[in-house]
Amino acid sequence: MTVHLRGQSAVAERAGNGPLDHLRTLVRALPVPTAPMTFPSREAALGLALMDLSFRLDHLPRLSEHLTLMDRGHMSRVISVDVDLDLISGRLRDTLMVPGDAALWVPVSRYSRRDLAPAVIRDSNGEVVPRLSHRDANRVTAAAFVKLLFMLISAHDDVSDQAGPIHQLRHTHQRSRWLIEAAITELVMVGSPVGPRMHTPLDHADLPGTSHPVRDLALLGLDALFPDAGGDRLLIPFARLLQLATRQYILVAQLGLDRPRRFLSWEAPLLPAQHRPAPLQTLAKNVLPVNREFVVEYETEIPRSVKAYHLTLEVRQEISVRRFLMASDVDEEFVEVLAQDLESVARRAERLGDHHKLLELEMQGIASRLAELGRRRLVDLASYEAYLARLPIPVGPGSVPPPPRLTADQVIAALSAGDCSLDVLAAFCAHYAADRMQHLARSGLAGPALLNIAAGLRAAQVGRDVTTDNDPREHGAHAHWRRPSVELSPQSTEPVRVFAFMALADEAPALIENITRMVAGLALVVLAIGTLLSGGVAWLYSSAVSANFVPAQADAVVAVLLLVPGLLLARLDLPSTKSVLGQLHKFQRMLAAASVAVTTALAIAVGTVQSDREMTRLFQVALAALIVILVCCLCEFYARRIHRSSSVPRSTRVPRWLRDARRAGQRPVEPDDFFDARGEV
Amino acid sequence: MTLPANSTKSSELARIAAEAAGNYSSSAQFTLTHGYGSLPISVISADPDKEDPSDWPTDFCHFSAAGLSVSTSTWPSVNSAFSGRVQIDPVEHAGPQDTYSYSGHAVPNPGFLNQSTRKVEVLITLGNTHWSPTYREALMQALIIEKLTALAAERDAPVLHLHTPVAPVPLSYKAERGDGSNERLRDAIGPCLRFSIGVDPKMSDARLDFETELAALAEEYGFGLKLDDQRLNRVRGDWFTIRGFDRERYRQARNRLFPEASAVTPRRAVIASVIGPSRTGTTAAAVAALRERGVGVLAASISSMRRTTFINLVLPVAADAPAESQQWTGGWLDALSRLSPGRGDEPGDSPIDDWKVALSPAMRCSYPPSSQQTGATTTGRVPYPIWLWWQLPHRTVDTPALLAEVQAALQPHTRRCDIAYAQSRLCRGDVVRGRAKLIVMLSQEHRDHETVQRLLADATEAAQLRIREWLPALGRVDPSKVRLRLSPRERWLTYAEISA
């Protein structure tokens, strides 16, 4: 086989980041086929059906994820789904039939190709469900793309134009089409990297820049088939489809038709933490008495069609889940469309003004959507307040003033200034429902004020909802997300992004309480020995030195100073530093070690120092050091109290409107661990 | 590689391709019937095989106006061996006398993505008298269809549906807002046109420009313009009036543009069905070509089924034209020269040059004798509209059979019951969903508005119950899966809008 290669310059000339760049690169790099790459049409149909179903996953009414934090940096996930085969339409069902068996191939999930790890799917009886191998799934996907390309060529407007590249690809110059098909197959079978460009043999050869007619026609055909102009009509959808197919793989299970409703579960590949906070920040958390929390954030995508999504978290019994909060961007697309509508109307306010009723219709449409958003987010806020109130240590409204009661004019003025806080939106909703928002075209709202509203809506992240923890256990958490009863962007099949925020902490009975007791005990021991040696408590505050401070039997004092802290320390049960608990206890462990170090140093001094004066000073220093350590312990208690009473987590993944509603103005902080289960999408 | 995050269109592309490629099928098969009367003829065999997909059409469309009707059934087909994009042939002796049937195949266009678009529905009022268009009005209507669809085509927005004549919407008064139970009864049909286009929700600029230019057109020609109410929780059948009908301006525009056209009502018409793969700008091209040749449009029904567009037009035939008695099929350019023999062909680069046409012979047309708006209540026999919405499992009861049931169920209450349009399609979850509009004349005549309202409500309630009882026996369909609503008000059809 002759390998045709072209110069590096040719590759570089389109090295931008066009949507079909990887495909083009392969068209330039692959050998030109001399025979068509034929796939059985059954495989093509199966591949298309699997691709279609795996994007929507609308046969999965319920999805649950059970997260377990293994150690810091790794999360294991068990995924369970309810599958309803009756929701797969008859036509697709015929295509998905497993030959010779009353069973269907059913896609149940998509994974990043990076996470390749065996996934064993079990049904409710614990029996292992057969899966389509990764290789077979890729082959049918490649067949599907080849078929799709052929269908697009056959249905193209210019297919009968004999001079055009589409006609040539279809009828006269088929080698070019085979080349595109080979490139697609290669891309799907091998996968494509996330980086901006592919690494091909062309990068290593210095070839004269001669053109090759077959490749040129293939590239020209791609341009004609997927024109850049109006790219969002066909180019972007196709490229996106290809991108998903090359970066993810489909998990396909074989399910018998005898039981159309099934429950399946499997262990997803172990998830490594994506991101670590800055070293300085970690250091500060570890050496300051801030009673650190371990903050974990998790992000995933769920199909828009699932009706219910459960996220459960389980940690070791010693750790408490202090806060667990889930946000999803289910209304984000709706808000984005609304914001674009607002901007378009603002730009055209003058032209639309000539058709007064048209402007009024637009304004009313906008108003109804704003009102609906206000209503929804208010429901979310109420459920969040209820969550705060039912925490083991309830968080009250604090210093947040009661919401103001706004008149219609005040609402319009606030909105015009770009204030899309929940108070304003809720007041707008009430006025709209009471028919007080008529004749909006004549109000001050129609015009540039709409631009402010659009910016305000985006800034407040009004498209994100909030779901709270409802698990009564302290070392577990559960959030139940339900699809809103009325889908605001009904045509969309875009997956919903879900963000979970979890703050793990060491709650009472906590290590810090034991350590405080230990430090206080050691301080008392030092105080008692000092008092007994000096014959009074004067050594504590007076600079005078008692004559008999150096003990006659130093060995006994040394024994007490070494044995007591040792015994106390042994009872503390300090965790390993690798675990989450170890991270939480890092500072507290340091305090315990420091207190033991102080008494040990004092014991050494007692055994060696013979001067009364020095001995007194050493006892004073040791006691002062222990008191400082004790103060650090008390600071930890205070910091814990602050953390517990914090109303809204300081995280970028908590919607802005919630932080604003609770007047949480502090800067968001980076989480300790961030897990991204979205795959390379 | 940076791409916008949205994958809605990608999954739509995957779905279209999956549907088109499933079961080795690669084209759409269709049958078409032109005829008199209003009841569609079933295309499925008497004892259909429940498992055989080729026995059950997935999409169905029926439309009747001026006493003539067109019905179309479509289903995916295994056949892909034919040249060109569309193939259509007449079927001999297929049904009762005076019906003309055709069958054919078309290559669907998977790149025609319109599921993820936002629908903008428009109601145009071209008169406030009862519906009996003249040659001149037919030309004016053609001009307006051409202008409207061209506006959509300029923005690459597909025409999802176009229909004329339709029921006019009475002007609502503020006191009548609310559930609409007290609003005036609608006429069954009037000189009105309803059409909807799909716009990408993210391209609000295009939508606003379209609406603005539509309003400007309404101002120029004087036609009345209503848009579907875009507020949340408003449903289909809720309209927002942008401009009222300006009778004087419309009359002036009509007389200025078509001074020589005849002002009599055509007695004969041909039905032309123009068929091809869905693209934007096709309706405008077809109607423009006809109008340039002096052919107006009496009635029209345009819809897309399985990515194939069916432009069904009722075209008036000049009184002195020779009578053709044969049905005809052929290419678009040949059809044009057949429809207006005097003009030569001008081969252009129209987007429908490769489309095919089915032409019926000239047929006698009739117009509704009375209307409510024109005060015909005094003479009795007023036709009223009744809307129907249904959802049934696929392969149980086909749409013509269901419509016949509905007619039978309304029989005790009505003197006459016609089906003005019906459309059904196979949706996700293996269910067939459809809507229809029926025109009924009550067997009891009353002048009193409220009594008529009550009679209509009673008739629809009773008929609805009866159909629900009959359907399980008819198609062995699980009664819990039947959803059916029959109502004298369009907006009462919707079931609770809780996303399924």
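Modeller: A residue is called buried if 20 or more other C-beta atoms lie within 10 Å of its own, exposed if 12 or fewer do, and partly exposed in between, with the C-beta atoms placed from the backbone. Helices (H or I, at least four residues) and strands (E, at least two) are DSSP runs, numbered from the N terminus. The model is a predicted one, in which local features need pLDDT of at least 70 and side-chain atom pairs count only at pLDDT 80 or more, while totals for chains, interfaces and linings use all residues. Residues are numbered from 1 along each chain as its sequence is written, and chains are lettered from A and ligands numbered from 1 in the order in which they are written.

Two strands are said to pair if DSSP finds at least two bridges between them, and β11(A) runs antiparallel to strand β8 (residues 308-314) of chain A, with 7 bridges joining the two.

β1(A) and β2(A) form a hairpin with 2 residues between them, and Gly73(A) in the turn has a positive phi of about 105 degrees; Asp71(A) stands opposite His74(A) of β2(A). β2(A) also pairs with strand β6 (residues 261-272) of chain A, antiparallel and over 10 bridges, with Val83(A) opposite Arg262(A) in β6(A).

The C-alpha atoms of Ala239(A) and Leu69(A), which are 170 residues apart along the chain, are separated by 36 Å.

As a whole, chain A has 23 helices and 13 strands, and buried residues make up 44% of its 681 residues. Its radius of gyration (taken over C-alpha atoms) is 34 Å, whereas a compact globule of 681 residues would have one near 26 Å, by the rule of 2.2 Å times the number of residues to the power 0.38. Along the principal axes, the C-alpha atoms of chain A fill a box of roughly 115 × 70 × 60 Å. The domain assignment, whose bounds come from an automatic or database source, gives domain 1 (8-59 + 86-112 + 130-256), domain 2 (331-463) and domain 3 (511-644) of chain A. The C-alpha centres of domain 1 and domain 3 of chain A are separated by 71 Å.

The unreviewed UniProt entry places the feature "transmembrane region" at residues 519-540, 552-570, 591-609 and 621-639 of chain A; the positions are given in the numbering used here, feature names are shortened, and such annotations may be inferred rather than shown by experiment. In the model, residues 552-570 of chain A are 89% helix and 0% strand, with end C-alpha atoms 30 Å apart, and residues 591-609 of chain A are 95% helix and 0% strand, with end C-alpha atoms 26 Å apart.

Chain A also touches chain B, where two residues are in contact if their C-beta atoms, placed from the backbone, lie within 7 Å. The contact takes 65 residues from chain A and 56 residues from chain B. On the chain B side, α1 (8-21), α3 (204-221) and β10 (239-243) each supply at least two residues, and α1(B) gives the most, with 12 residues. Chain B itself has 8 helices and 20 strands, and buried residues make up 53% of its 500 residues.
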